[in-house]
Amino acid sequence: MGVRLPGIFQAKKVIGRVFSTSMALDVPKGHLAVYVGENEKKRFVVPIAYLRHPSFQKLLSKAEEEFGFNHSMGGLTIPCREETFIDVTCSLNCS
């Protein structure tokens, strides 16, 4: 299983834009704000270490397919059900 580096580089650009906005003030160092949901978006703050995990990278790939890293909310938007996102992040916390 390989890691798609171009997607990660694009994600870093989006992350850089998010951290340069005023919304970054309430995001602790070493974390990232993402918006999750299919219709209504909910904001989550997650550790940037999640970016390395294959299960989180699948969510990033889904975001790239849907938005091409041009996100209307100004931050990284992940188009999946909130429950799916919580399941993935909980599995990362437990491992």
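This briefing describes the fold, core and aromatic contacts of one protein model. The model is predicted: local features need pLDDT of at least 70, side-chain atom pairs count only at pLDDT 80 or more, and totals for chains, interfaces and linings use all residues. Residues are numbered from 1 along each chain as its sequence is written, and side-chain values use heavy atoms, with hydrogens and water left out. The protein has three helices and three strands, in the sequence pattern α-β-β-α-β-α. Helices (H or I, at least four residues) and strands (E, at least two) are DSSP runs, numbered from the N terminus.

**Sheet and helix packing**

- The three strands form an open sheet in the order β2-β1-β3, with mixed pairing; two strands pair if DSSP finds at least two bridges between them.
- The edge strands of this sheet are β2 and β3, each of which pairs on one side only.
- On average, neighbouring strands of the sheet are turned by 40 degrees against each other, direction ignored.
- Three bridges join β1 and β3 in the parallel sense, and Val34 has Leu76 in β3 as its bridge partner.
- Helix α2 lies across β2 and β3 and runs at about 100 degrees to β3.
- Helix α3 packs on the sheet and touches β1, β2 and β3, its direction making about 10 degrees with that of β2.
- For these angles, axes are lines fitted to C-alpha atoms, for helices over the stretch in contact, and angles run from 0 to 180 degrees between N-to-C directions.

**Nonpolar core**

- The largest nonpolar core has 15 residues, and those with the most contacts inside it are Val34, Val36, Val46, Phe56, Leu59, Ile78 and Phe85.
- Such a core is a set of buried Ala, Val, Leu, Ile, Met, Phe, Trp, Tyr and Cys residues joined through side-chain atoms within 4.5 Å.
- Two or more residues of this core come from each of β1 (31-36), β2 (42-47), α2 (54-67), β3 (76-78) and α3 (82-94).
- Phe85 is buried, with a relative accessible area of 1%; buried means under 20% relative accessible area, exposed over 50%, and partly exposed in between (1.4 Å probe, protein chains only).
- Phe85 touches Val34, Val36, Phe44, Val46, Phe56, Leu59, Ile78 and Cys80, not counting residues up to four places away in sequence; contact means heavy atoms within 4.5 Å.

- The structure holds three aromatic pairs.
- Rings of Phe, Tyr and Trp (its six-membered ring) pair if their centres lie within 6.5 Å; planes under 30 degrees apart count as stacked, over 60 as edge-to-face and the rest as tilted.
- The Phe44 and Phe85 rings form a tilted pair, because their centres are 5.0 Å apart and their planes stand at 50 degrees.
- Phe44 lies in strand β2 and Phe85 in helix α3, so this pair ties together parts that are 41 residues apart in sequence.
- Phe44 counts as buried, at 17% relative accessibility.
- One aromatic cluster is formed by Phe44, Tyr50, Phe56 and Phe85.
- Thr89 lies in helix α3 and is buried, with a relative accessible area of 10%.
- Leaving out residues up to four places away in sequence, Thr89 touches Val46, Tyr50 and Phe56.

**Whole protein**

- Of the 95 residues in the protein, 35% are buried.
- Among contacts between residues at least 6 apart in sequence, 52% join residues at least 24 apart.
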